Structure formats: structure tokens, C-alpha cells
Amino acid sequence: MSAVSSSDLITRYGGNLPRYTSYPTAASFTEAVGSAQAEAWLKAVPEEQQLSLYFHVPFCDELCRFCGCNTSVMRRDDGRAAYGDLLREELRRVVALVGTQRLVRHVQFGGGTPSTLPATALRQIMRSVRGMFHVEHGAELSMELDPRHVPEGYPALLGELGFTRISVGVQDLNEQVQEACGRHQSFEQTQACLSAMRGAGISGVNIDLIYGLPYQTEDSVAETVRQIASLRPDRLAVFGYAHIPWKQKRQRLIPEASLPGPAERLAQRARMDTVLKAEGYVAIGLDHYALPNDALVKAAAAGTLRRNFQGYTTDSASALIGMGASAISMLPGGYSQNITTVAPYARALADSEGLPVARGVARTPEDHLRGNLIERLMCDMGVDLAQFESLNTVFTPEREALTSFVEDGLITLEGSKVQITERGRPFVRNVAALFDTHRKALAQAAGNGVESPRFSRAI
Ligand SMILES: C[S@@+](CC[C@H](N)C(=O)[O-])C[C@H]1O[C@@H](n2cnc3c(N)ncnc32)[C@H](O)[C@@H]1O
């Protein structure tokens, strides 16, 4: 075991990094990819390939100060219903390109808070989905929810429509932390949400927690985790707070001095890990936990776990079609992202017959290769480099750079086999970044005066 201290690790590896939910990452998206390109990629998805669908709803009932997502408050019911119509219009255009009755195993509603969709709008969307696709029996249908704002009748509605999983935000239960985040949510509210959903037959429950939030301490996060584990969600995500006030203005309301520093963040993460393992959860990838009999754990053990824009998943579809403002599609040809804000997204749908795409990036064969390697690393916490090397691709500089990770006890390297150690788990993105040639190109461009993208901190 290496004797290197946590503060040394932070100095060496504490920079800002992408979360590698895609490769190339969103930082490489440009306007060179527009609707014509995205439409060609959709048309080219082979007929026998299954599809996954993602609907993005960028509305919330109230805004949380810590939130890094693109969200707004839409109070009017007719505005919420009109957005549902836009989603169905985009779906119709997608189906015109990929054809009807394609096999679908995953349908996700994310946001924002998708339960801001009125019941009628959600019913209509799901009727269209089931009418236009072959949604397999046992398919995973999931929705992100805010436990403080579950509309009357929504648990029964989700149950009736065949939803199988919910993902709810908690972040932290401590009063002072909640006050600083502008999100007051009692343990009882979360508990009531879960029991209503479980009562409606929805058994899959994911809970999101965050460390690194204002005023959090090791003890406070441990207490939150203990209480939340008592609700026995089958999955938990434990994210590091991404402080990006240059991009998300509402985060400027959080005083910098209230934020835990990198060493404290690392310690908080470690305490949450210890408590969750003691509560019977298994660590998965960078930031997920699940009960031992959960499909994510089984997929992780079998080497079939996947990572996409929604995080870790058992979804093996190679085409994930994102609909709604700012939604990203992951297609064999490349990634495309819709127009970010609602009004121009709506205008694009009204003004043309095309898809409301704003930007994206094509994936070359080398991107596929490096992307697969990075995905395996992020999912399996290890990778055999020899399986990705060929006459054209030899990872000589990458292998050299791995040496310091071995010396610091973050990985083991036996021949071509890289294995992330438990100590190295928080630093898996640093290892992945070694194989990211786009990041190097972007950094080089920045050196030449081109503005570089800014990510949140890795630790
Ligand atoms: C898109 S949000 C939806 C949450 C849901 N609407 C709710 O109110 O519970 C999904 C998750 O992103 C995570 N998240 C949002 N902003 C974040 C930030 N700045 N840093 C880290 N995680 C963040 C939170 O854990 C949140 O639960």
C-alpha cells in the first residue's frame, strides 16, 4: 500500500474533469452537427437494433440553489401541457426516421422534474410511445421525481402506465445544509413519496445524495446516509457537488466559504462509502451503490454494466434517443443535442419539419475504440489494454502515465491489465482522462487562445 497522503493525492489529481458519461464528452460538441446530420444518423440505426427513449422535462416546481441543471419554473398548467405536445411532435418526427414498432427496453423521463407534466400529457406521451414502438414486457420505465412535489394521483398514474422505477433527489437531510441549498425536504416527505410509489407497484427506487455541499461535515453526511439507507432504496447515487457558478448563476447564492475543501470532500465521500457498505450496499463504478441482488450489481459483476448520459445503467441499447429541450441522443454515428432552452426549441419545431438539434459530435472509429475503453474503465474499474490495442493504436504514452497511478496506490498494473484499487475509485476519471485525446486537443486549443470548457472538480 502506498504511503502517499490524501492531500498529496488531491494536489496531484484534484483538477477539473468530465464525468465521462459519453466519449467524446459534451465539451467537444459543436454546431457542425445539426438536424440534417442527426436525422441521417437516426435513419442509419440498423433495423434490428433496439432503441432506448429519453424524454427531458426542464421544469421544476421550485429551483434549488445547488442545482447545476438547466431548469426553470413553469407554473401554468397550459404551458406544461403545451410542452407535452412538443415532446409528442418530436417523437413523431423521430419515428418517421427510425420506423415504427422498433423494440424498446428503456424509457426514461428526466429533468428538471418530469412529474410537472400534467397527467393527461403523460398519458398521451405514453400512448404514443406504446403505439409507435414495441415496448417489451418487463421494460424499465423510469421517472425522476421531487418528493416535495408529487402531484395528487401521480403514484397511481405511474403504476397504471407501467412505470417500474423512480429516481428521487434527497441530497442531504441536515437543516443547515438544506437552508443553504434552498431545498427544504424532511425525511418524512421522502419516506411518504417512497411508500406511495411502492404502494402503487413501483418497486425500483433510486435516491440521489451529494457530498461537498455547503456546511456538510463528515458526521452530517454519515447521518444522512444512515437515515436514507433505512428506507432501503435498491440504488443510490452519491455525487460530488459540482460548483459551476460561472455557468449556473443561482449557485452564486452559495457562499464559497461554506463549501468543504477537497480534503474534506474526499473524507466525506469515504465516510458515506463506509456507512453504505455497512448497511449492505455494494459500490458500483464512480458514484453508485446498489443492494446485492440488484440488476446493476449483477451487470457490474458480469462486465455488462453500461454508462450513458443518465449515469450507470443496465441498458445495452446502442441507440438512445433523447427528446425535449437540451436532450442528448447517443447514436452509433455520434452524439446530438437539442436546443437548450424551451422557447427556441419550440420555435424550431414550429418553423421547420426537422429535428430541433443545436450541436453534437460525430464519432470516428478511434472515438468508438477509446470510448469503449473509457466506458469499461468507468464501469468495471479495470480494463485490459491489450484488448483495445492494434497495429494502429498503441497506448505507449498512456501506459507511461499510468506509472504514477501505480506508485500512488490508485491502480495495479499487471502486464496490460489495469485495475483500479478501492483507494483509486474516486480517481477513476483521472485514469480515463489519460485515454481522452479530445481533452488534450481542447487543452491545446486553449493554449492557443481558444476558450476551453470548464468542468467541475473531480474530487
Ligand atoms: C436532474 S436532478 C433532478 C432532481 C429532481 N427534480 C428532484 O427534485 O429531486 C438529478 C440529480 O442531479 C444531481 N445534481 C444536480 N445539481 C448538481 C450539482 N450541482 N452537483 C452534483 N449533483 C447535482 C442531484 O443529485 C439531483 O438529484
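This is a predicted model: local features need pLDDT of at least 70, side-chain atom pairs count only at pLDDT 80 or more; totals for chains, interfaces and linings use all residues.
User: Which domains does the domain assignment give, and what distance separates their centres?
Analyst: The assignment gives domain 1 as 21-362 and domain 2 as 365-447. Taken over C-alpha atoms, the centres of domain 1 and domain 2 are separated by 27 Å.

User: How much area is buried between domain 1 and domain 2?
Analyst: The contact involves 20 residues of domain 1 and 22 residues of domain 2. Carbon and sulfur atoms give 56% of the buried area. The area buried between the two domains is about 1600 Å².

User: How many salt bridges cross the interface of domain 1 and domain 2, and how many residue pairs are in polar contact there?
Analyst: Side chains of opposite charge can pair when their charged atoms come close. Across the interface, the rule finds two salt bridges. The count of residue pairs in polar contact between domain 1 and domain 2 is nine.

User: Which element supplies the largest share of the side of domain 1 that touches domain 2?
Analyst: Helix H9 (262-278), strand E9 (282-284) and strand E11 (306-308) each supply at least two residues of that side. By class, the side has twelve nonpolar, four polar and four charged residues. The largest share, three residues, comes from H9.

User: What N to O distance is found in the salt bridge of Glu422 and Lys277?
Analyst: A salt bridge requires a side-chain nitrogen of Lys or Arg within 4 Å of a carboxyl oxygen of Asp or Glu. The side chains of Glu422 and Lys277 meet in such a bridge, and their N to O distance is 3.2 Å.

User: Which residue makes a polar contact with the side chain of Asn338?
Analyst: Asn338 is in strand E15, residues 334-338. At 4% relative accessibility, Asn338 counts as buried. Residues touching Asn338 include Gly322, Tyr345 and Arg359. The side-chain polar contact, at 2.8 Å, is with Glu90.

User: Is His288 buried or exposed, and which side chain makes a polar contact with its side chain?
Analyst: His288 lies in strand E10, residues 288-290, and its contacts include Leu236, Phe239 and Tyr312. With a relative accessible area of 8%, His288 is buried. Its side chain makes a polar contact of 2.9 Å with the side chain of Asp287.

User: What is the relative accessible area of Leu51?
Analyst: Leu51 is found in strand E1, residues 51-57. Among the residues touching Leu51 are Val98, Phe133 and Ile321. Leu51 and Leu331 are 280 residues apart in sequence, yet their C-alpha atoms are 9.7 Å apart in space. Leu51 is buried, and its relative accessible area is 0%.

User: Which two Glu residues form salt bridges with Arg93?
Analyst: Glu89 and Arg93 both lie in helix H3, four residues apart, about one turn of the helix, and their closest N and O atoms are 2.8 Å apart. Glu353 lies in the loop between helix H11 and E16, 260 residues from Arg93, and this bridge has an N to O distance of 3.9 Å. Arg93 is buried at 6% relative accessibility, whereas Glu353 is exposed at 60%. The two residues are Glu89 and Glu353.

Note on methods
Residues are numbered from 1 along each chain as its sequence is written. Side-chain values use heavy atoms; hydrogens and water are left out. Domain bounds come from an automatic or database domain assignment. Contact means heavy atoms within 4.5 Å. Buried area is the accessible area (1.4 Å probe) that two parts lose on being put together, summed over both. A polar contact is a pair of N or O atoms within 3.5 Å; within protein, one must be able to donate a hydrogen and the other to accept it, and residues adjacent in sequence count only if both atoms are side-chain atoms. Ala, Val, Leu, Ile, Met, Phe, Trp, Tyr, Cys and Pro count as nonpolar, Asp, Glu, Lys and Arg as charged, and the others, Gly among them, as polar. Buried means under 20% relative accessible area, exposed over 50%, partly exposed in between (1.4 Å probe, protein chains only). Lists of a residue's contacts leave out its neighbours within four places in sequence.
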